[in-house]
Amino acid sequence: MSLINNICSTFCPCSVEQSPARETESSIDASMRWPALVMIKASAFWFILAIALGLATSVKLHSPSFLGDSALLTYGKVKPAFWNALVYGFVFNASLASVTWILARLSGQAMRNNVLLTVSVSAWNVGLLIGLVGIFIGDQTPFALLELPNYITPFLFVSFLGIGLWGLLTFKARTFRSSFASQWYVLMALFCFAWIFTAAQIMLFCSPVQGAFQALVNGWYVDNLFGLVLAPLAFATIYYLIPKSFGKPVVGYRYAGIAFWTWALFSAFRGSAEMLNGPIPSWVAIVGVIASFALLLPLSTLAMQFLSSLFGNFNQIWDSVSMRFIFAGVISFVLYGIFDVYGSLIGVNETIQFSLFDSGVKLLALLGFVGMTAFGGIYFILPRVLNKNLPSSLIEMQFWAHAMGVMLIAGGLIYGGHSQGVLLNDSTTSLLSIAKISQSFLFLSTLGMAFLLFSAVAFLVTFFWMIVAPRSASEKSALFVKAAPDMECSAS
Amino acid sequence: MNRGPFIFLGLFFILAASWAVTLNYPQGKSGQLTAIGSGADRLPHQSLGLVPKGREVYQELGCVACHTQQVRFSAGNDVDRGWGERQTVARDYIDQNPVFVGTQRIGPDLTSVGTRLNDAEWLHRHFYNPQIDSAGSTMPPFAFLYEESKIIGEASNNALVLPEKFAPKAGKEITPTRKAEALVAYMLSLKLDYDLPEAPNAEKVNY
């Protein structure tokens with residue numbers, strides 16, 4: 001009985017005093033409660049599912065007979081299911097939970113059309129679930145991160161348009177005429193996903209381009225997905241939370257504009273780099289390599305802004321679980337950027353081509369950079385929309401387990417992938433021997449997945465604990481959430 | 001920078017330029033290739049029969065997760081590994097939709113696997129359990145593409161000949177399903193035994 005009571009009080013706004021000083025903020029938080037909780041719950045579900053699939057993928061790479069009798073769970077199906085659940089399930093939901101709330105806060109008033117967001121996100125998740133079942137029953141396509149069967153992609157696209165439309169309406173309704181970097185990056189992610197998804201679907205399935213060029217379209221899509229959709233979702237969260245938490249503007253904020261445009265430009269052109277030496281005209285791949293190298297410019301600008309802001313307030317990072325995740329996310333971002341550019345260079349590219357290096361770099365981006373940043377956002381939002389304390393000690397454990405997991409997976413696959421690539425491309429060592437030599441690194445990645453499984457369970461427990469825990473006296477008080485400075489609107 | 005339309009237009013033109021330069025232009029310029037010759041002399045060779053069905057099985061089981069189908073001539077050592085004599089070029093792929101170029105080589109490249117392993121029985125054994133002929137392989141077993149059944153009268157012609165350790169119980173036999181037959185037919189059809197004028201190989205480069 002008391003459980004039901006607790007849950008009701010979680011969602012009932014009358015159980016919390018209203019503070020006149022934070023009237024706008026609390027009304028926005030109240031209006032975003034349902035969409036945020038739907039996305040956070042979905043991200044917790046997808047995270048557990050994705051990590052379970054990731055663990056199976058990783059185990060199968062060193063013990064191929066694991067679950068080997070089942071036609072449903074063969075490596076070629078589990079692997080795409082893992083990547084799709086991770087990207088379109090966990091990373092999308094977690095990042096969107098964070099950035100839609102930020103967008104709502106930055107628009108300065110409670111929106112009435114949030115039901116559009118809730119419905120679109122739910123439709124997206126249902127569509128994705130159907131798509132994953134489609135992969136398991138054998139309807140997958142052979143294109144990386146586009147494996148979801150063709151019959152579900154139009155539905156996913158329409159669901160995403162709902163999210164995009166909500167973002168546009170919320171941005172339009174802002175009360176300040178000026179806009180902040182977080183808003184630019186959210187718009188970038190929403191707009192670019194619709195763009196690249198349409199282009200890839202048309203060029204691969206509706207009126208497919210000829211043979212080898214399909215692989216080029218696929219490479220273009222994947223790199224743009226990381227550069228123009230997933231990374232901007234994380235940037236939006238970082239740009240918002242750093243000034244909010246420290247009460248100081250982002251160091252060098254006036255360079256945010258140039259970083260934004262150069263990041264967009266060079267990310268958009270780099271997709272063809274992975275087709276180096278492939279069956280397409282070589283100048284196309286060279287364009288991609290040059291754009292990858294040029295990416296060092298926005299990369300260093302963004303890294304300078306984030307790292308200077310974080311290290312300038314280093315003692316405050318460990319006071320809040322949210323900033324801790326942001327800090328780890330920024331460190332992962334810098335490492336991801338360096339490895340990603342390094343892997344595209346001519347000379348290195350030939351060595352690491354077709355090895356696990358690229359998977360390691362991408363997992364560092366998904367689980368470390370975008371994933372941990374999204375956790376930072378979620379742990380900033382949850383106390384505000386529910387007016388309750390976070391179970392900090394559990395989240396602290398989750399933080400270390402997650403960081404450990406990312407280090408083991410990324411370290412194992414990046415270092416192991418590099419040595420695998422050297423053997424694969426610069427020697428005639430047989431593939432059987434290479435498999436044997438790579439095994440120790442693959443064990444590391446399996447161990448890392450086990451750490452992440454703990455992180456996923458801790459995240460789910462945290463979420464449900466926040467919902468069912470009784471509301472203490474301090475959590476009923478209007479002073480529970482302190483007013484934060486409006487730092488995001490000042491440039492210097 | 002404060003206006004939404006400005007951001008949208010900027011991003012639209014950046015993506016449109018990237019699409020036009022790196023996808024649409026090369027695709028329009030060199031993505032409309034036709035085969036050379038016709039009939040039996042057609043290059044690239046056309047394979048019919050079970051092969052299209054085999055391609056479907058290849059796609060369904062996600063073989064592309066570990067196997068590429070592309071040979072690089074000027075980089076790597078694909079030629080030394082015996083995966084092909086020349087660079088694969090766009091014309092090699094004109095009949096393939098969807099294409100299985102692939103991005104990872106957990107296993108070997110399969111561009112010319114039909115030349116290298118021109119032995120249906122070996123391939124069947126390999127799919128049934130890769131440990132039989134390549135102990136230590138990380139390839140998963142595809143035993144679910146095979147049926148175990150009681151031998152009634154004489155053994156089937158297409159029953160797998162397995163070493164004792166992997167053989168079924170006495171009186172039983174392992175036979176390939178249609179999917180397995182199709183997959184093997186597809187593997188045997190993968191050959192790079194023809195030359196294309198635009199494809200670099202050792203002879204042309206040395207000249």
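Begin by selecting helix α11 of chain A in this predicted model, and pick out Pro298(A), Leu299(A), Leu302(A), Gln305(A), Phe306(A), Ser309(A) and Leu310(A), which are buried in α11(A). Seen around the axis, these residues cover an arc of only 140 degrees, which means that they lie on the same side of α11(A). An α-helix has 3.6 residues a turn, so residues three or four places apart point the same way.

With the helix still selected, look at its ends: α11 of chain A runs over residues 296-312, and its 17 residues should span 24 Å at 1.5 Å a residue, which agrees with the 23 Å between its end C-alpha atoms.

Now colour chain A by confidence: its mean pLDDT is 92, and 96% of its residues reach 70 or more. Among the elements of chain A, helix α5 (residues 114-136) has the highest mean pLDDT, 97, whereas helix α1 (residues 2-11) has the lowest, 73.

Finally, show both chains and select their contact, which takes 70 residues from chain A and 62 residues from chain B. On the side of chain B that touches chain A, α1 (4-30) and α2 (51-60) of chain B each supply at least two residues, and α1(B) gives the largest share, 15 residues. Coloured by residue type, that side of chain B divides into 30 nonpolar, 26 polar and 6 charged residues.

Conventions
Residues are numbered from 1 along each chain as its sequence is written. Chains are lettered from A and ligands numbered from 1 in the order in which they are written. This is a predicted model: local features need pLDDT of at least 70, side-chain atom pairs count only at pLDDT 80 or more; totals for chains, interfaces and linings use all residues. Two residues are in contact if their C-beta atoms, placed from the backbone, lie within 7 Å. Helices (H or I, at least four residues) and strands (E, at least two) are DSSP runs, numbered from the N terminus. Ala, Val, Leu, Ile, Met, Phe, Trp, Tyr, Cys and Pro count as nonpolar, Asp, Glu, Lys and Arg as charged, and the others, Gly among them, as polar. The expected span of a helix is 1.5 Å times one less than its number of residues. A residue is buried if 20 or more other C-beta atoms lie within 10 Å of its own, exposed if 12 or fewer, and partly exposed in between; C-beta atoms are placed from the backbone. The arc is that of the directions from the helix axis to the C-beta atoms. pLDDT is the predictor's confidence in each residue, from 0 to 100.
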